[in-house]
Structure formats: structure tokens, C-alpha cells
Amino acid sequence: MSVAQLTLDPAYVIAPVDRRLFGSFVEHMGRCVYTGIFEPGHPAADADGLRTDVLELVRELGVTTVRYPGGNFVSNYRWEDGVGPAAQRPRRLDLAWRSVESNAFGLNEFMRWATAAGVEPMMAVNLGTRGVDDAAALVEYCNLAEGTAISDRRREHGVAKPHDVRLWCLGNEMDGPWQVGRMTAREYGRLASRAGSAMKKVDPGIELVACGSSNADMPTFAAWEATVLEEAYDQVDYLSLHQYYDPEKDDPASFRASAYGLDGFISDVIATADHVRAKLRRTKRINLALDEWNVWYQSRFTEPEDRGIEDTPELIEDEYDVTDAMVVGNLLISMLRHADRLTIGCQAQLVNVIAPIRTQKGGPAWRQTTFHPFAHTARLARGTVLRAAVTSPLMATGRYGDVPAVDAIATHDPESGALSVFAVNRGTEQIRLDLDLRAFPKHRPGDHLWMAEGATTEPLTQSGGTSVALPPLSWHALTFEEQR
Ligand code: AHR
């Protein structure tokens with residue numbers, strides 16, 4: 001059997017594990033909101049129409065931060081339509097997904113849901129069809145206590161305490177030809193700078209995310225990031241990255257090595273942000289928000305223009321296998337590896353739409369395979385991320401050339417002593433992974449959780465060890481406890 005080796009040392013710390021890495025995304029798209037998280041009349045719905053069966057799964061998933069309300073949807077959204085008496089809210093045509101938006105669920109319902117789910121809200125403002133004035137007004141509605149027409153409106157709507165939203169996205173994918181109100185990098189950078197500074201005048205404590213490229217394959221990638229930051233460096237705190245991996249786009253090996261591609265993408269965005277920092281002679285560093293990522297069978301997607309207008313269409317309700325779950329687990333490994341600069345991650349999306357949680361209208365809610373690596377990584381990745389020295393057999397891919405078949409990362413919580421190792425075998429041969437834990441002499445193996453294509457669709461648990469067999473196409477979490 002081929003052998004891979006992983007060496008760990010508690011002294012080689014990358015960064016603390018930022019809990020915001022385990023975020024997700026709720027967009028008014030398909031059935032994410034309606035019949036996903038919100039379904040008045042459902043047997044499990046509470047008095048506000050929130051599905052408590054879904055809330056339970058969201059808590060089990062361990063999601064920390066949830067981006068809302070889009071996505072492409074936000075670029076033609078009027079947030080005012082979704083506040084105030086529900087009976088008076090307008091039905092609108094949403095141009096992004098060509099759906100009818102009832103506005104039965106809006107900002108205050110989302111905040112109630114976020115409190116019930118125990119997550120931090122991450123709001124996006126519309127910079128597609130709207131601009132500075134509306135963005136600042138939305139911050140005022142959410143965060144100002146009282147005493148102005150806009151903050152008092154929130155109080156009239158029955159919300160006395162401000163929502164106190166810290167994280168804000170300045171638009172969505174503004175480079176995309178599909179985006180309502182798409183702009184050039186220069187136009188967007190200037191608008192982001194003006195909107196951002198007005199929003200920070202309302203509440204100087206907020207954190208702003210500027211749109212990076214819609215994905216690493218955009219023809220303007222990197223030039224877009226550089227221009228946007230040249231315009232908005234002083235106003236913004238984060239630059240966004242979006243990336244979806246399609247199992248049917250390239251050869252299967254390239255899909256299985258998606259995290260290798262993500263590693264390169266993240267490094268390129270860090271280099272670009274730091275280039276602008278040097279050019280502008282600033283000391284502040286811009287951190288990264290991977291605020292849309294996932295596996296998405298995108299080649300099966302029907303463009304909105306090729307569909308009729310519907311109320312709550314079933315959009316991109318992809319079903320995932322264990323290889324998809326392995327890729328999701330590996331993408332989380334890549335994110336942890338960059339925890340010194342990548343501090344926000346939002347898996348897109350949370351329910352029904354390319355999601356770990358699925359629901360049936362009027363029926364049950366259930367976990368997809370991709371639920372498990374996310375839930376266990378969010379639960380076990382605590383304390384600090386450790387640099388992992390891995391030697392592994394190589395595998396050939398069409399897109400990236402030869403890449404290591406085994407990838408891994410570890411976290412160590414100095415307080416509790418807990419050590420967790422996350423590993424994948426993305427190759428098609430079984431590999432033995434030997435762990436060199438000489439720097440952790442007091443640690444003893446705990447559990448070994450794993451999933452492998454063809455073996456199981458839910459994680460199996462067995463006793464761990466320092467030498468473990470990694471079946472082909474498998475994801476693993478190993479825990480070690482310190483004897484004190
Ligand atoms: O998550 C689905 C869509 O993908 C989002 O609305 C958009 O931002 C991205 O292109």
C-alpha cells in the first residue's frame with residue numbers, strides 16, 4: 001500500500017481558527033427561504049412560520065455566520081419591500097432568478113431566524129440598481145437605536161432593539177455579465193468606496209466586504225481586484241472570493257483536486273491585495289471572505305432567461321454523493337490552511353439550493369452527504385490551525401498537473417489540549433497515512449470519523465490511531481486527547 005506522512009508540531013501555528021469560517025448563505029432564490037427555512041403552516045413551523053426542523057439541522061451543522069439576502073437577488077432588491085405589515089408588502093418580479101418575490105419574508109424575519117439559529121447575520125446591500133443613499137439607510141434601519149425617521153420606522157415595525165449587524169457586503173458579483181447593474185472595476189470601486197464611507201458614517205463599527213471577481217476564471221480576474229482596491233482600500237476590510245466546483249466540468253481527477261485550485265486562487269487574491277497595499281503605502285491588510293463556495297453541478301443549470309416566471313421554482317437542488325462530500329471537506333481544509341488571511345467563509349447555500357440541508361414542502365427535512373464534513377469540521381476545528389507537513393503519493397489531473405493525493409490540516413486547542421486532524425484521500429488507490437506526533441508526547445488517539453465513496457453515505461466512527469488506512473475518495477477527522 002502507498003504511504004503518506006503527516007508531521008505536526010504545536011509551535012507551527014498558522015492562525016487562530018476564526019469561527020466565521022463556518023458560515024453559510026441564505027438567498028431569496030428557489031426554495032432556500034420559501035419552503036426552506038420559512039413555511040407558515042408546516043407542521044414543524046413556529047408561530048413566525050420558521051421551520052423548527054430546519055433550525056435544528058442548522059444548529060447541528062454548526063453554522064456561525066449567514067449571508068443574506070443574496071447573491072444575484074440583492075442586485076435588484078428593495079429592502080423596504082420586506083419590512084412592515086406583511087399584508088401590505090408588494091409582490092415583485094425578481095430579475096435575477098425571474099421569480100415572483102412575495103416579500104412575506106424580509107429583513108426582520110431573517111433577524112428573528114438568525115437569533116433562533118444562533119448565527120451572526122452578514123447583510124448585503126444592493127449596488128446594482130441602487131446606491132449610496134439606500135445602503136446607508138439600510139445600516140441606519142438595522143443599527144441605529146432610535147430618534148431618526150429611519151430608525152424609528154424599525155421600532156414602528158415592532159423591533160425596538162437595533163439588529164447591530166457588524167458584517168456588510170457591498171453588492172454581489174458586480175463583474176458578472178449576468179448581474180443586474182453590472183459595472184466596470186473602476187465604476188464599482190468608486191461606488192463601493194462612496195457607499196462604504198456613507199455606511200461607516202452611520203455606524204463606524206461595521207466591517208465591509210468589497211466584491212472580488214465572480215470566480216477565478218473571469219477574464220478580468222486579478223485586474224478587477226487590483227482596481228477595486230485602488231479605489232476602495234481605505235473603506236473596506238475584506239475582499240470577497242466566490243468559487244463553485246462542477247463535478248462534470250473537467251476530468252474527474254481535477255474535480256477531486258478542487259481544493260488544490262482553491263489554494264492557488266486564495267494565494268493569488270492575497271498577492272493582489274498586498275500588491276495594492278504596497279502601491280498605496282498602507283499598513284492595513286485586507287483580509288479575504290470566501291463568501292460563496294461549494295460543489296455545484298453548474299453544467300446542468302438552466303439560465304433564468306430559458307425558464308418561465310414562477311413563484312417558488314425548484315432551482316439547482318443538486319443531490320450530492322460521497323465524492324462531493326470529500327471535496328467539500330477538502331475545501332474546508334484549504335480554507336483552514338489560509339486562516340491567517342481568509343477569515344470568513346460562506347458555503348452557498350444553506351437549504352435546498354446546492355445545500356447540505358434539503359426539505360420537502362409540507363414534508364421532512366434531511367441532511368445531504370455534504371452536511372457531514374462541514375458539521376464535523378465546524379465542531380472539531382478549535383483553537384489554532386497548525387501547519388501540516390504532508391508527503392503524499394501524487395495523482396495526475398488535467399487541470400493542475402500532478403497533485404498530492406492526500407491533503408490534510410490540523411487544529412490544536414492549547415486550552416483543552418484537543419488536537420484534530422482533517423484529511424482526505426482524493427486518489428483512487430488506498431493510502432496509509434502515518435502521523436508523526438512526536439511533538440505531542442502526551443496525546444492519545446480518540447475517534448476516527450470517516451466517509452468513503454462506495455462504503456458509506458454517513459460518517460462511520462471507529463477508534464483512532466497514528467497509522468490509518470485512507471480508502472479511495474475518502475474524508476477523515478481524527479481526534480487526539482491530551483493526557484493531563
Ligand atoms: O449561489 C447561487 C448564485 O451564484 C448567487 O446568487 C450568485 O452570487 C452566484 O453566481
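1. Helix 2 (residues 107-117) is mostly covered, with eight of its eleven residues buried. Buried here means under 20% relative accessible area, using a 1.4 Å probe and protein chains only. Helices are DSSP runs of H or I with at least four residues, strands are E runs of at least two, and both are numbered from the N terminus.

2. A word on the model before going on. It is a predicted one, in which local features need pLDDT of at least 70 and side-chain atom pairs count only at pLDDT 80 or more, while totals for chains, interfaces and linings use all residues. Residues are numbered from 1 along each chain as its sequence is written, and side-chain values use heavy atoms, leaving out hydrogens and water.

3. Back to helix 2: its buried residues are Leu107, Asn108, Glu109, Phe110, Met111, Trp113, Ala114 and Ala117. Their cover includes helix 1 (52-61), strand 4 (65-68), strand 7 (120-125) and helix 3 (132-143). Just after helix 2, have a look at Gly118, which takes a positive phi of about 75 degrees.

4. Strand 11 (residues 287-295) is also worth a visit: eight of its nine residues are buried. Strand 10 (residues 238-245) pairs with strand 11 in the parallel sense over seven bridges; pairing requires at least two DSSP bridges between the strands. Leu239 stands opposite Leu288 in strand 11.

5. Strand 11 also pairs with strand 12 (residues 342-348), again in the parallel sense, over four bridges. Here Ala289 stands opposite Ile344 in strand 12.

Key:
Buried means under 20% relative accessible area, exposed over 50%, partly exposed in between (1.4 Å probe, protein chains only). Contact means heavy atoms within 4.5 Å.
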